[in-house]
Amino acid sequence: MLSRLFAPKVKVSAHCDLPCGVYDPAQARIEAESVKAVQEKYQANEDADFRTRAVLIKEQRAELAKHHVSVLWSDYFKPPHFEKYPELHQLVNDTLKALSAAKGSNDPATGQKALDYIAQIDKIFWETKKA
């Protein structure tokens, strides 16, 4: 009796966890832009205290960017996306590896490489939104 009382009355489905509009690669891009900007500021400043703080901020931002990319991969992209874009799994992996490299480096080129990968994810993401 109780199981029927609490049973769902309507079955719903969605291609993502919440209504569309909550996922966006821009979040990862903004964090990765911060990583690169901090790397550039690090290179332009010799103050040891400044550099220590810059490294801390850069590492935090790189982790946030990795989080946003991982959420897109696990929560937004679904099997039909991976079928249409078979390179997507490797692209996400390469992006996460590039963000890890940027996290461990003060060379702005590593930040740019991560941004380039995120731009590729962004392109695919918006193509899926059109479908």
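This is a predicted model: local features need pLDDT of at least 70, side-chain atom pairs count only at pLDDT 80 or more; totals for chains, interfaces and linings use all residues.
Me: How are α2 and α6 oriented, roughly parallel or roughly antiparallel?
Reply: The axes of α2 and α6 are 8 Å apart, and the packing angle is about 165°. Angles over 145 degrees count as roughly antiparallel. That makes the orientation of α2 to α6 roughly antiparallel.

Me: Which residues of α6 make the contact with α2, and how many charged residues does the contact have?
Reply: From α6 come Pro 108, Thr 110, Gly 111, Gln 112, Leu 115 and Ile 118. On the α2 side, the residues include Arg 29, Glu 33, Lys 36 and Glu 40. Sorted by class, the contact has five nonpolar and five polar residues, and the charged ones number four.

Me: Thanks! Let's step back to the whole chain. How many helices and how many strands are there?
Reply: Reading along the sequence gives the pattern α-α-α-α-α-α. The count for the protein chain is therefore zero strands and, for helices, six.

Me: What share of the contacts with a separation of 6 or more is between residues 24 or more positions apart?
Reply: Here we take the contacts in the protein chain with a separation of 6 or more. Within that set, residues 24 or more positions apart account for 74%.

Me: Where does α5 run, and how does it lie against α6, roughly parallel or roughly antiparallel?
Reply: Helix α5 spans residues 88-103, and helix α6 spans residues 108-130. Their axes come within 8 Å and cross at roughly 155°. The two helices are therefore roughly antiparallel.

Me: What classes of residue make up the contact of α5 with α6, and how many are nonpolar?
Reply: Among the residues in this contact are Leu 88, Leu 91, Val 92 and Leu 99 of α5, along with Tyr 117, Ile 118, Ile 121 and Ile 124 of α6. The contact has four polar and two charged residues, while the nonpolar ones number twelve.

Me: At what angle do α3 and α5 pack?
Reply: The axes of α3 and α5 lie 9 Å apart. These helices are roughly antiparallel to each other. Their contact includes Ala 62, Val 69 and Trp 73 of α3 and Val 92, Leu 96 and Leu 99 of α5. The packing angle is about 170°.

Me: Last one: what does Phe 50 count as, buried or partly exposed?
Reply: Phe 50 lies in helix α3, residues 48-76. Not counting residues up to four places away in sequence, Phe 50 touches Lys 41, Tyr 42 and Asn 45. Buried means under 20% relative accessible area. Because its relative accessibility is 32%, Phe 50 counts as partly exposed.

Methods. Residues are numbered from 1 along each chain as its sequence is written. Side-chain values use heavy atoms; hydrogens and water are left out. Axes are lines fitted to C-alpha atoms, for helices over the stretch in contact, and angles run from 0 to 180 degrees between N-to-C directions. Helices (H or I, at least four residues) and strands (E, at least two) are DSSP runs, numbered from the N terminus. Angles under 35 degrees count as roughly parallel, over 145 as roughly antiparallel, 65 to 115 as roughly perpendicular and the rest as oblique. Contact means heavy atoms within 4.5 Å. Ala, Val, Leu, Ile, Met, Phe, Trp, Tyr, Cys and Pro count as nonpolar, Asp, Glu, Lys and Arg as charged, and the others, Gly among them, as polar. Buried means under 20% relative accessible area, exposed over 50%, partly exposed in between (1.4 Å probe, protein chains only).
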